[in-house]
Structures are given as structure tokens and as C-alpha cells.
Amino acid sequence: MKKNKVKVEFGEENKAKSRRRFIKLSGLTLAGSAVLYACSEDDDFIKGEDPDPDPNPEVFDLGSGDVGILNYAYALEQLEAAFYIEVLNGSYFSGAVDAEKEILTDLRNHEVIHREFFKTAITAAAGEEKTLPELEFDFSDAVDFSDRQSVLDTALLLEDTGVSAYNGAGNLIQNPTYLLLAGKIVSVEARHASAIADLLNPGSADFARDGILVDVGGSGVAYDKATPPSEVLSAVVGLNVVKTPFTANNLPTE
């Protein structure tokens with residue numbers, strides 16, 4: 001079999017170009033997959049189990065079963081998309097160079113794709129009434145969008161949280177198709193986090209820093225953190241940027 005040969009160059013300019021190409025391509029992994037969500041007609045996955053017998057009719061609850069987990073992911077994707085949209089609406093941050101603008105634009109595009117992907121998927125599988133509505137966000141007290149450090153620190157926090165959230169929800173997903181697609185999305189989120197970490201500390205190993213890796217079972221092998229939905233949602237609430245109330249009373253825990 002004939003193999004293509006690729007010349008790899010390690011100059012700073014070429015590394016930056018390669019990183020941007022990698023980020024661009026990673027966002028395409030979901031483009032052909034949206035129909036898979038819509039094709040699932042298994043009532044067990046759509047309805048979930050053990051709903052709250054006395055829900056508050058004025059506040060949306062994420063739901064139970066796989067739909068609850070999908071709504072949970074949809075909430076996080078809405079948050080990320082809203083953040084990057086705000087970054088671009090403010091003309092990036094003061095002193096942003098072209099390479100940074102390109103990466104942030106790519107990340108905005110990816111997160112919007114993820115957001116719309118989940119909205120379409122959940123609506124197709126469970127109906128509009130079981131799909132999380134559009135959330136309102138206010139970043140004014142949390143982020144200085146004119147400041148590079150504030151923007152990139154927040155971007156890294158959101159991307160790291162996204163990776164940890166998908167990892168922590170994977171074992172709660174029952175439908176193998178949903179699990180496969182969640183795995184694709186988390187790989188994109190991890191690339192986002194690596195790109196932002198490199199912008200903050202170019203050429204470093206911060207993409208695999210101690211703060212985001214854990215030694216599972218004392219094996220000496222490090223893995224990305226896996227955080228359960230309850231802890232992720234508590235952290236998100238702590239950011240004080242989500243202004244639309246919703247509950248997560250029926251999410252699966254095991």
C-alpha cells in the first residue's frame with residue numbers, strides 16, 4: 001500500500017499554522033453525524049426513567065435518562081457558544097493578533113455547531129417541549145472582554161470544564177450512538193483546551209498540566225478528569241453568568 005509522506009516542520013510559524021489547521025479540521029467531525037441522533041426511536045432513551053413526580057411547571061428541568069444528559073450537554077454548549085460570540089462581538093481583546101483571532105473564531109464556530117447540533121437532536125428525539133430552551137447569559141461581572149488574560153483564562157476554564165463534564169457523563173449514557181457522538185465532541189473540546197493553553201503559555205506542556213489530569217486508582221497513568229453533572233452544574237452556577245433558571249432534579253447518577 002502506498003503511503004503519503006508528510007514533512008513536519010517545527011518552526012514557530014509552522015507550529016501555529018498546524019495548530020490552526022488541526023482546530024479547523026476537528027470541528028468537522030460532527031458534520032455528518034447529526035442525522036444519527038434523529039434516527040433513534042427507542043422510547044427507553046427518549047422518555048428516561050423515574051421523573052420528578054412534582055416538578056415546578058415554571059422552571060425547565062433537564063429531564064431524565066439520555067435526554068436529560070443531552071440537555072445537560074446542550075446547556076454547557078450554549079454557555080460556551082455565548083462566551084465566544086461575546087468575545088467576537090467585542091472585536092476580540094485588546095492587542096489580539098491574527099493567529100489568536102483565527103483560533104477564537106474557529107472555536108466560536110465549533111461551539112455554535114455543537115449548540116445547534118444538540119438542539120436539533122433533542123428536539124427530533126424527544127420533542128420541543130423536552131428540549132432545554134435558549135438560555136440567557138451575562139458575562140459582565142465575570143469577564144473583562146478587553147483583557148487578553150481574562151478572556152483566555154475564561155476560555156480555558158470553560159473548555160477544561162467541558163472536557164471533564166463529557167468524561168463524567170459518558171458512563172451515564174445508555175444509547176451507544178449518543179455515547180459515540182459524545183466521544184467525538186469531547187475530543188474536539190480537548191483540542192480547544194490544548195489550543196487555549198498553548199496561547200497562554202506557548203510551547204509548554206500545559207495542555208497536560210497537573211490541574212486537569214488525575215491518577216486513576218494509583219496506576220501511575222494520568223487521565224483527564226471526569227466530573228459528575230452535579231459538580232459541574234454547581235461550578236457553572238458559581239460563575240454567576242447563567243441568568244435563566246433551570247433544574248437538574250432527574251439526571252441519572254449511575
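Trainee: Are helix 4 and helix 7 roughly parallel or roughly antiparallel to each other?

Mentor: The model is predicted: local features need pLDDT of at least 70, side-chain atom pairs count only at pLDDT 80 or more, and totals for chains, interfaces and linings use all residues. The axes of helix 4 and helix 7 come within 13 Å and cross at roughly 25 degrees; axes are lines fitted to C-alpha atoms, for helices over the stretch in contact, with angles from 0 to 180 degrees between N-to-C directions. Angles under 35 degrees count as roughly parallel, over 145 as roughly antiparallel, 65 to 115 as roughly perpendicular and the rest as oblique. Helix 4 and helix 7 are therefore roughly parallel.

Trainee: How many nonpolar, polar and charged residues does the contact of helix 4 with helix 7 have?

Mentor: The crossing of these helices is left-handed, a term for a near helix turned anticlockwise from the far one by less than a right angle, with clockwise being right-handed. Asp66, Leu70, Glu77, Glu80 and Tyr84 of helix 4 meet Tyr178, Ile185, Glu189 and Ile196 of helix 7, where contact means heavy atoms within 4.5 Å. Ala, Val, Leu, Ile, Met, Phe, Trp, Tyr, Cys and Pro count as nonpolar, Asp, Glu, Lys and Arg as charged, and the others, Gly among them, as polar. By class, the contact has 5 nonpolar, no polar and 4 charged residues.

Trainee: How many helices and strands are there in the chain?

Mentor: Residues are numbered from 1 along each chain as its sequence is written, and side-chain values use heavy atoms, with hydrogens and water left out. Helices (H or I, at least four residues) and strands (E, at least two) are DSSP runs, numbered from the N terminus. In that order the elements run α-α-α-β-α-α-α-α-β-β-α-β. The chain has 8 helices and 4 strands.

Trainee: Are helix 4 and helix 6 roughly parallel or roughly antiparallel to each other?

Mentor: Their axes come within 11 Å and cross at roughly 165 degrees. Residues in the contact include Tyr72, Leu76 and Phe83 of helix 4 and Val151, Thr154 and Leu158 of helix 6. By class, this contact has 14 nonpolar, 1 polar and 3 charged residues. Given the crossing angle, helix 4 and helix 6 are roughly antiparallel.

Trainee: Is Thr154 buried or exposed?

Mentor: Thr154 is found in helix 6. Leaving aside neighbours within four places in sequence, Thr154 is in contact with Phe83 and Val143. Buried means under 20% relative accessible area, exposed over 50%, and partly exposed in between (1.4 Å probe, protein chains only). With a relative accessible area of 15%, Thr154 is buried.

Trainee: What is the phi of Ser91?

Mentor: Ser91 is found in the loop between helix 4 and helix 5 and is exposed, with a relative accessible area of 55%. Most residues other than glycine have a negative phi. Ser91 is not a glycine, yet its phi is positive, near 60 degrees.

Trainee: What is the positive phi of Tyr92?

Mentor: Tyr92 also has its place in the loop between helix 4 and helix 5. At 16% relative accessibility, Tyr92 counts as buried. Although Tyr92 is not a glycine, its phi is positive, about 65 degrees.

Trainee: How many Å apart in space are Thr247 and Val59, C-alpha to C-alpha?

Mentor: Thr247 lies in strand 4 (residues 246–247) and is partly exposed at 24% relative accessibility. Not counting residues up to four places away in sequence, Thr247 touches Val59, Phe60, Asp61 and Leu62. Thr247 and Val59 are 188 residues apart in sequence, and their C-alpha atoms are apart in space by 6.9 Å.
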